[in-house]
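Dear colleague,

I am handing over the structure below, and I would be glad if you kept it open while you read the notes that follow.

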Amino acid sequence: MELDTSKFDQKLLGFWCAARDIYNNVVEKARSEEVSNLNSVKITSFLVVHSYRFAEPALMLASNDDILPAVALMRTAIEAQARANHLISFPGQAREDKATELLLLDEISRKYYAGLMMKSVSSNKIDWANVFHWTPEARAQISKWIAEFDVTKHEMLRKERDKLRHEWDWDYGTVIGRKSFNDPQWNMRTPFQRIQQSLAISFELGSSAIHPDLMSDQTEKMHSAHDIMFDAAAVAVCVVYCYLVTISRQDDPDFKQLVTAYDDYVWSSLKESIQE
């Protein structure tokens, strides 16, 4: 499937592409710098890449008028930038502490879900190797994992994960501050906090699209290729800015020029739509 760019606002598409180019250039320049080893930089870098990995196929689908799965994919991209935006709202060491807790939580979750898979496989008397046509090497590896699986340790891991998820709340509603949208101070915590309100609407539409929900029929009617491009551009500008903040390059001249052009274009478009 190819990306038919004719379906999109060319200005917004240009902002989306330019933000990625700036990110790639900065990553290359900073590769040997010590700051690249900071956990906050590692996290935001991952979130930039993750958001683009989901936004790009979303745009491909939207360009082919397959709106519903495109909306579902954009949900992940929106959540990625929301986490990055939340992370940079913390200064100095507090930011690094938050990045470290997110890395730890992700590592525990990875082990938990791997264990959950082993638990499911071992509890069913089925030759999964034949079901999935595993190679002899894969069969031997899975058999080893099943033999080593410890139900007691997995339960302890589940409890630890649940405890940390409660203490270190990184759920979408928390990181965007849904309950604080009317708080002026909260809305000024980062330069891109205000766009979380509009992106939250698209996120909720994505939630009904990603599940077999009857609301999905209405979701498809409420979104267009232009809307998905608009969200993708907003996500790109925000998440790349977050990365630049963690690596102390937020004053990058190319990015500042991009933000000015993006801001001017969005506001002029908004004024035109109001006048219509």
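A residue is called buried when its relative accessible area is under 20%, exposed when that area is over 50%, and partly exposed in between, with a 1.4 Å probe and protein chains only. Because K256 has 44% relative accessibility, K256 counts as partly exposed.

Please keep in mind that this is a predicted model, in which local features need pLDDT of at least 70 and side-chain atom pairs count only at pLDDT 80 or more, while totals for chains, interfaces and linings use all residues. Residues are numbered from 1 along each chain as its sequence is written, and side-chain values use heavy atoms, with hydrogens and water left out.

K256 sits in helix α13, which covers residues 253–275; helices are DSSP runs of H or I with at least four residues, numbered from the N terminus. If neighbours within four places in sequence are set aside, K256 touches Q250 and D251, where contact means heavy atoms within 4.5 Å.

Helix α13 also matters for reading the largest pocket, to which it gives eight lining residues, the largest share. A pocket here is an open set of points, on a 1 Å grid over the protein atoms alone, where a 1.4 Å probe fits and protein lies on both sides within 12 Å along at least five of seven lines, and lining residues have an atom within 4 Å of a point. The largest pocket holds about 820 Å³ of space, the volume being the space filled by probe spheres set on the points, which are joined across faces, edges and corners. Its lining consists of 29 residues, and those nearest the centre are I195, S198, F230, Y262 and V266. By class, this lining has 16 nonpolar, eight polar and five charged residues, where Ala, Val, Leu, Ile, Met, Phe, Trp, Tyr, Cys and Pro count as nonpolar, Asp, Glu, Lys and Arg as charged, and the others, Gly among them, as polar.

With kind regards

Definitions and conventions. Helices (H or I, at least four residues) and strands (E, at least two) are DSSP runs, numbered from the N terminus.
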